[in-house]
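User: Hi! I am new to reading protein structures, and I would like to go through one with you, feature by feature. Could you show me how?

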Amino acid sequence: MILDNFKICEGDLDNASMARYLAADAIAIDTETMGLVIGRDRLCLVQLCDPQGYVTAVRIEQGQTSAPNLKRILEDPEITKVFHFARFDVAQFRYTFGVETAPIFCTKIASKLARTYTSSHGLKSLVMELTGTELDKSAQSSDWGDIDSLSVEQLNYAANDVRYLIDAQTKLTDMLKRENRWELAQECFKCIPVFVSLDIMRYENIFEH
Ligand code: MN
């Protein structure tokens, strides 16, 4: 069974979903791709979720280079885009659509800055601790390229990857403020586009000794 409050869109967000998302101050976003190498592994699916839990999954066609409604959400300065490891998704959006995503909140960076009592900063551990929900990651490494034939299991997995992110963002923001690390977190989020540029140009570790 496909979960409730979940819509599949072809090629771009439909106008009704875009209008709904434009009213939100934060939207959780995740992508599914053919792999982890930007430029080799294409974007297949983009999942979005608003603070009320309304999820859309946008199927991206092979060779597709634009998605105007998605672009509008990604570039809207009034909507914070919440990702887990934003660096990858933001690079995919820039590479695929030429879109500059902003503003950004990355739950992985926020977790590393706030949850210094653990080394577990994966989405599963983070969501388990902050929301008490156990994510099923069994469809993580699967073939997302045949977008017309995605299984119910894959779609539910994809939806769950965005469903708990805003809750996690809220809790991480509280922790960061409590520990006086909120300004530092915001400075880190602003650096993500620079890391994206370096990643797309294949530079590695240029800040290391
Ligand atoms: Mn995912």
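**Reading a predicted model**

Analyst: Happy to! Let us start with one residue and its surroundings. Beyond its neighbours within four places in sequence, Val46 contacts Ile29, Asp30, Thr31, Thr56, Ala57, Val58, Ile60, Leu70 and Phe93. Keep in mind that this is a predicted model.

User: Which residues touch the most other members of the largest nonpolar core?

Analyst: Those are Val46 and Leu48, in a core of 67 residues.

User: How do I decide whether a residue such as Arg59 is buried or exposed?

Analyst: Look at the relative accessible area: under 20% is called buried, over 50% exposed, and anything in between partly exposed. Arg59 has 14% relative accessibility, so it counts as buried. Arg59 sits in strand S4, residues 55-59. Leaving out residues up to four places away in sequence, Arg59 touches Ile8, Cys9, Glu10, Gly11, Cys44, Leu45, Gln64, Ile147 and Asp148.

User: What lines the largest pocket, and which residues lie nearest its centre?

Analyst: Its lining has 30 residues, and Thr33, Leu36, Phe85, Phe88 and Gln140 are the ones nearest the centre. Strand S2 (26-33), helix H3 (86-97) and helix H6 (152-163) are the elements that each give two or more residues to this lining. By type, the lining has 12 nonpolar, eight polar and 10 charged residues. The volume of the pocket is about 840 Å³.

User: What should I look for in the backbone?

Analyst: Most residues other than glycine have a negative phi, and most peptide bonds are trans. That makes the exceptions worth a look. Phe85 is not a glycine, yet it has a positive phi of about 65°. Phe85 is placed in the loop between strand S5 (80-83) and H3, and with 38% relative accessibility it counts as partly exposed. Arg202 also has a positive phi, near 70°, and is found in the segment after helix H8 (182-200). Arg202 is partly exposed, at 49% relative accessible area.

User: Where is there a cis peptide bond?

Analyst: Look between Ala102 and Pro103, where omega is about -10°. Pro103 lies in the loop between H3 and strand S6 (104-106).

Conventions. Residues are numbered from 1 along each chain as its sequence is written. This is a predicted model: local features need pLDDT of at least 70, side-chain atom pairs count only at pLDDT 80 or more; totals for chains, interfaces and linings use all residues. Side-chain values use heavy atoms; hydrogens and water are left out. On a 1 Å grid over the protein atoms alone, a cavity is a set of points where a 1.4 Å probe fits but cannot get out, and a pocket is an open set with protein on both sides within 12 Å along at least five of seven lines; lining residues have an atom within 4 Å of a point. Grid points are joined across faces, edges and corners, and a volume is the space filled by probe spheres set on the points. Helices (H or I, at least four residues) and strands (E, at least two) are DSSP runs, numbered from the N terminus. Ala, Val, Leu, Ile, Met, Phe, Trp, Tyr, Cys and Pro count as nonpolar, Asp, Glu, Lys and Arg as charged, and the others, Gly among them, as polar. A nonpolar core is a set of buried Ala, Val, Leu, Ile, Met, Phe, Trp, Tyr and Cys residues joined through side-chain atoms within 4.5 Å. Buried means under 20% relative accessible area, exposed over 50%, partly exposed in between (1.4 Å probe, protein chains only). Contact means heavy atoms within 4.5 Å.
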